[in-house]
Amino acid sequence: MNHIGVIGLGLLGSAIASRLSPGNQQLHGFDIDPAKREYAISQGVSCHISAMEVARLADVIILSLPEDRHVDEVLAIIRPSLKPHCIILDTT
């Protein structure tokens, strides 16, 4: 089973997660907004309290963040937790 992480569960991130949820993978999500995490949970996403937790679990991470500077910040935070050969897709 593939483990896919989605960091940023706004309009695009939640749409991506909902498209992936019926598949043969485990979805892990994170957003700084608790309401967006709750919505993702209702859509079948296993949400976590930090981006680092998602990075520890995921083989593929999809970033869907508001601005490039947020991508840089999140990458700096999750880098120590990434699995070897983790694939990162940035939709920002």
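## Terms and basis

A polar contact is a pair of N or O atoms within 3.5 Å; within protein, one must be able to donate a hydrogen and the other to accept it, and residues adjacent in sequence count only if both atoms are side-chain atoms. This is a predicted model, in which local features need pLDDT of at least 70 and side-chain atom pairs count only at pLDDT 80 or more, while totals for chains, interfaces and linings use all residues. Residues are numbered from 1 along each chain as its sequence is written, and side-chain values use heavy atoms, with hydrogens and water left out.

Five strands make up an open sheet with parallel pairing, in the order 3-2-1-4-5. Strand 3 (46-47) and strand 5 (87-90) are at the edges with a single partner strand each, so one side of each has no neighbour in the sheet. Helices (H or I, at least four residues) and strands (E, at least two) are DSSP runs, numbered from the N terminus; two strands pair if DSSP finds at least two bridges between them.

Strand 4 (residues 60-63) runs parallel to strand 5 and is joined to strand 5 by four bridges. Opposite leucine 63 stands aspartate 90 in strand 5.

## Glutamine 25

Strand 2 (residues 25-30) contains glutamine 25. The side chain of glutamine 25 reaches the backbone oxygen of leucine 20 at 2.3 Å. Not counting residues up to four places away in sequence, glutamine 25 touches Met1, Asn2, Ile4 and Leu20 (contact means heavy atoms within 4.5 Å).

## Ends of helix 2

Glycine 44, with a positive phi near 95°, follows helix 2.
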